Amino acid sequence: MKAKLYLNYVDGKWVKHSSGKTFENRNPADRNDLIGIFPDSRSQDVENAVQAAERAYASWRLVPAPKRGDIIMRAGLLLEKNKEMLARLMTREMGKVLKETRGDVQEAVDMAYYAAGEGRRLFGQTTPSELKNKFAMSMRMPIGVCGLITPWNFPVAIPSWKIFPALICGNTVVFKPAEDTPLCAHWFVKIMAEAGLPPGVLNMVHGMAETGQAIVRHPAVRLISFTGSSEVGKLVAEQCGRSLKRVSLEMGGKNAQIVMDDADLDLAIEGAVWGSFGTTGQRCTATSRIYVHKKVFEKFKKEMIRRANKIKIGSGLAKGVEMGPLINETQRN
């Protein structure tokens, strides 16, 4: 069957991109499974999305925060309703097992409910003034257009961490999802539109590095939130620093687990296996190193190797599989 060609989402409409170039989205557990064809967008597509976000900002920033929260609450209910569908789609698209992808979607559900509640808690401050006949207060104001760039390893949870807080505070968004998980992003945006989000408030532009660079460099984008590699994060920070643009970075790490001699070794080993091999080790919080007290080192090492050798690897949709595939050939190499 011919694979479906998906579109960008700009100003409340699913629109074609300017370059005409596309990229394939394939199942990492079965490279013959072509999930879809997606736009490889260029700077003009980003420009269109930013302009739509700028136009929408004028009215969205004036919508009362509790009313913005109502829309996000409806999005959470829709995410919960479609949880199993989204989890299975995510496993097909990026590989991690269903137990993990169900948790990924649940994180987005929880974030929606949390952010919706924040619509009634966007408090300012009052403070005594040191000057006569003066009243001092502060109130929260939105920043403007936010450029949000997300990774493939948590393709529903992490967009929710970025998009919901931005929207509840009255900002508008240009969203660039990872090229390895564009269909999860498509459904996330579709659910947001179904929840009643006005046109232009959330815009999505698919693409590769050039698309992300265009968002970071655009002068009308006031804030960048990026999750990805440390190498790319350094470039994002450098570019944002030149224009004094607000920037938030979530990048890689080398995380250690410490096992002392009085530890419950069975529990420690299960924690180490989950930390090391969950999401096939493809996350910034993965256990990269384990420090073990010398008194229990040999026992721990022996049991850790035995348990790791028992891990069942395969398609995350298959029963009994504990670890799915790596996301793509580059990561495998």
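The structure holds 18 salt bridges, each being a side-chain nitrogen of Lys or Arg within 4 Å of a carboxyl oxygen of Asp or Glu. Before you start clicking, note that this is a predicted model, in which local features need pLDDT of at least 70, side-chain atom pairs count only at pLDDT 80 or more, and totals for chains, interfaces and linings use all residues. Residues are numbered from 1 along each chain as its sequence is written, and side-chain values use heavy atoms, with hydrogens and water left out.

**Stop one: D11 and R55.** Select these two side chains and you will find a salt bridge, with 3.3 Å from N to O. D11 sits in the loop between strand 1 (8-10) and strand 2 (13-15), while R55 belongs to helix 1 (residues 43-60), 44 residues away. Helices (H or I, at least four residues) and strands (E, at least two) are DSSP runs, numbered from the N terminus. D11 is partly exposed, at a relative accessible area of 24%; on this scale buried means under 20%, exposed means over 50%, and partly exposed is in between (1.4 Å probe, protein chains only).

**Stop two: R42 and E210.** Which parts of the chain does this pair tie together? First display the salt bridge itself, where the closest N and O atoms of R42 and E210 are 3.5 Å apart. R42 lies in the loop between strand 4 (30-39) and helix 1, and E210 in helix 7, so the bridge ties together parts 168 residues apart in sequence. R42 counts as buried at 19% relative accessibility, whereas E210 is partly exposed at 38%.

**Stop three: E100 and R283.** Now select E100 and R283, a salt bridge whose closest N and O atoms are 3.8 Å apart. E100 is in helix 4 (residues 98-118) and R283 in the loop between helix 9 (265-277) and strand 13 (287-292), so this pair ties together parts 183 residues apart in sequence. Both E100 and R283 are buried.

**Last stop: A214.** Go to helix 7 (residues 209-217), where A214 is found. Is A214 buried or exposed? A214 is buried, with a relative accessible area of 16%. Leaving aside neighbours within four places in sequence, A214 is in contact (heavy atoms within 4.5 Å) with S43 and V46. To finish, draw a distance between the C-alpha atoms of A214 and D45: they are separated by 9.3 Å, though 169 residues apart along the chain.
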